Amino acid sequence: MILTRSAVALCAVLSLASCGVTYTPQTVSTKDTPLDVTVVSMSPSSIEVANRSSYTPRALPAEFFATAGMNGTVRGFGAFPEAPSVPNLSPPAEMALRLPPEVQTLSYKIGIGDVVILATRAAGNSVEQLTGLLAAQSQRQGYTVRDDGAIAIPEVGAVAIAGLTVEEAEDQVFQRLVQNQLDSEFSLEVAEFNSKRVSIGGAVRNAIIAPITLSALRLDQAITAAGGITLENNDYGVIRIYRDGTLYQIPLDNYFSDQNLQKVTLTDGDSVYVDTAYDLTRAQTYYEQEINAMDLRQRARSNALSELETEIRLRRSELSERRDTFNARLAANAVVRDSVFLVGEVAKQTLVPLPFERDATLSEILFETGGFSTTTGNPAQIYVLRPGDEDQVTAYHLDATNIVNLTMASRMQMRPNDIIFVKAQPITTWGRALQQALPILLNSGADSI
């Protein structure tokens, strides 16, 4: 009886197989297709040939590369008031000497606009670890103290040094270099002094703005830097010094006869004017115009910076809106994309978009989507089907039974409309065929019984 039932079941299986009812797996074959199929084993040479095919990845919109900056451009300050003309009047019978208060000599403090140089103390590999510092020293490219009081050092970032002495600034830079694990052998020096200045005008050869450097700026040094006094008769001259809203004066007779007067220390913001009129009103007019010019520069700079910040905010908002719109269209599948197809024994059969701006490889597509099942998928039968011209198809075959061969998948670049196919294991094909046939076998056996 048992033998009879087994015979019936076997006959049912054979009859199902002969009728084509059993499971038919997908495969890659050059037969039974109207297309011209060429199977190529995936190797370094065949991958090199495959990657030569012309393809340019789709580009992101321009707003993903634009910045909201204005390239540091601000509008002009406009015209400044002209300096008053120097009158030629006779000196009074007596000219009073009014000296400015003494200035306490302190260590120079770095300010906004100063240019500092970080110089290495020794050559060698350790110096080269200070990325950017060696080049800055050898090419004499310094670092300008920005409006926020900091300098920007490559590999380190912004370091605030405004208001510090040179020694304090060196300590600050040293700490940041140590925090970033960079070689800290360096020295810091001020190359350009732009933050503290004194103006010299009037009866001098060249009206200038003299910087205050590491050493104190004396009155005679400032006048010498302006080319010297150009008066023919010292009896008709006086040196005016305008400081913090107060006007001081030194007659030239006193100035040339007393070396202590020549060594008067000037401070940041002083205006020195060599006058021939002995007219305080004229001198006051000069200083008022100097102050007006400084105020005009300050207000113009403030307005320009405010306009720049507003412009940047508007541009940043516009760029953000454009990027959000693109992302929304991308999520709604309203953007044309290049894609490849993933089929067979993979985690999910799906359409995979190719990335923007770069090429994608076979390994990226496989493993970013979950890879393929080693239980049901056949690692010896992985294919990339690439359609060609005139009904031609090239099937690049990868045998990943040896896991080392998967490294070739990281070289194989994908092209639009490629089909990645992972064939099923033979046992998987048999199991699915049996799963489909089992209900029919049971019904056949029951009918036989």
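A salt bridge is a side-chain nitrogen of Lys or Arg within 4 Å of a carboxyl oxygen of Asp or Glu; the views below show a predicted model.

**View 1. Salt bridge between Asp338 and Arg58.** The two side chains meet at 3.2 Å, N to O. Asp338 belongs to the loop between α9 (280–331) and β14 (339–344), and Arg58 to the loop between α2 (44–51) and β2, so the contact ties together parts that are 280 residues apart in sequence. Asp338 is buried at 13% relative accessibility, whereas Arg58 is partly exposed at 34%.

**View 2. Salt bridge between Arg243 and Asp270.** The N to O distance is 2.8 Å. Arg243 lies in strand β10 (residues 238–243) and Asp270 in the loop between β12 (265–266) and β13 (271–275), 27 residues apart. Both residues are buried.

**View 3. Salt bridge between Arg415 and Asp359.** Here the side chains meet at 3.9 Å, N to O. Arg415 is placed in the loop between α11 (406–409) and β18 (419–424), Asp359 in the loop between β15 (350–353) and α10 (362–368); the pair therefore ties together parts 56 residues apart in sequence. Arg415 is buried, with a relative accessible area of 6%, and Asp359 is partly exposed, with 31%.

**View 4. Open antiparallel sheet of three strands, in the order β3-β2-β6.** The edge strands β3 (143–144) and β6 (187–192) each pair on one side only. Two bridges join β2 (residues 115–119) to β3 in the antiparallel sense, and Val116 stands opposite Tyr143 in β3.

**View 5. Negative surface patch formed by Asp36, Asp389, Glu390 and Asp391.** Asp389 is located in the loop between β16 (377–387) and β17 (392–398). Its relative accessible area of 62% makes Asp389 exposed.

Notes. Residues numbered from 1 in each chain as written. Predicted model: local features only at pLDDT ≥ 70, side-chain atom pairs only at ≥ 80, totals over all residues. Heavy atoms only, no water. Patch = residues over 30% accessible without salt bridge, like charges linked within 9 Å, V, L, I, M, F, W, Y side chains within 5 Å. Areas by Shrake-Rupley, 256 points an atom, 1.4 Å probe, with all protein chains shown as cover. Lys, Arg positive; Asp, Glu negative; His and termini not counted. Charge placed at Lys NZ, Arg CZ, Asp CG, Glu CD. Helix = DSSP H or I, 4+ residues; strand = E, 2+ residues; numbered from the N terminus. Buried < 20%, exposed > 50% of the residue type's maximum accessible area, 1.4 Å probe, protein only. Pairing = 2+ DSSP bridges.
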